[in-house]
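Good morning, colleagues. Please look at the structure on the screen while I discuss its charged pairs and then one of its strands.

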Amino acid sequence: MHIDKLERFWMLAIAVVIGSLSAVLLVTAFLFEVRLPTPYEQFDPAEIEETEFAEPGVRHMGGNKYHVHVLAQTWFFTPDEIRIPRGAEVTFFVTSKDVTHGFFIEEHNVNLMLLPGHVARITTHFQKPGTYKILCHEYCGSGHHTMVADLIVEAPSDSDSDEEK
Ligand code: CUA
């Protein structure tokens, strides 16, 4: 079968593009733990008091595993300060009470869109102690830019001190 030289070139070029994009996908998924946020469950936002979001916060699930429920609303997150020990594997369950908000943790692979009543779930690890901003990155009205919370990753030694921020 005769394949024109030019055609062979473009077949090769396309194979290179597809090959490198697939490699990027595999490297980011397995090396950098980039995950698609999972839609976890759905409920009527008016019935939020009957869900786990009535008492948002950090729950220790044993070992180094933590579950964190966060409720977003105009224009704040509850809780607005989350403390996690270094090395923790944290699964976030995040939803919105009113309009569409965002949930982005700086320097980490957490970037969720929050739709009212839809629970977004994502699991990540926190290895480096420090204070990281959680930002709403979906425009949600006049107070959007004030919608910030702190995620504090504590080194083992200062987790038992009462040091206040
Ligand atoms: Cu909430 Cu922007």
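Glu81, Arg83 and Glu154 are linked in a network of salt bridges, a salt bridge being a side-chain nitrogen of Lys or Arg within 4 Å of a carboxyl oxygen of Asp or Glu. Please bear in mind that this is a predicted model, in which local features need pLDDT of at least 70, side-chain atom pairs count only at pLDDT 80 or more, and totals for chains, interfaces and linings use all residues. Residues are numbered from 1 along each chain as its sequence is written, and side-chain values use heavy atoms, with hydrogens and water left out.

Strands here are DSSP runs of E with at least two residues, numbered from the N terminus. Between Glu81 and Arg83, the corresponding N and O distance is 3.0 Å.

How accessible are these residues? I use buried for under 20% relative accessible area, exposed for over 50%, and partly exposed for values in between, with a 1.4 Å probe and protein chains only. Glu154 is buried at 13%, whereas Glu81 is partly exposed at 33% and Arg83 is partly exposed at 29%.

The structure holds 5 salt bridges. Another of them pairs Lys128 with Glu107, with their closest N and O atoms 3.9 Å apart. Lys128 lies in the loop between strands S9 (118–126) and S10 (130–135), and Glu107 in the loop between strands S7 (101–105) and S8 (110–114), so the pair ties together parts 21 residues apart in sequence. Both residues are exposed, Lys128 at 52% and Glu107 at 61%.

I turn now to strand S3. This strand, residues 65–73, is mostly covered, with 7 of its 9 residues buried. Which strands pair with S3? Pairing requires that DSSP finds at least two bridges between two strands. Strand S2 (residues 57–60) runs antiparallel to S3 and is joined to it by 4 bridges, with Gly57 opposite His69. These two strands form a hairpin with 4 residues between them, and Gly62 in the turn has a positive phi of about 100 degrees. Strand S6 (residues 88–96) runs parallel to S3, through 8 bridges, and Thr91 of S6 stands opposite His67. Strand S4 (residues 76–78) is antiparallel to S3, with 3 bridges, and a hairpin of 2 residues joins S3 to S4.
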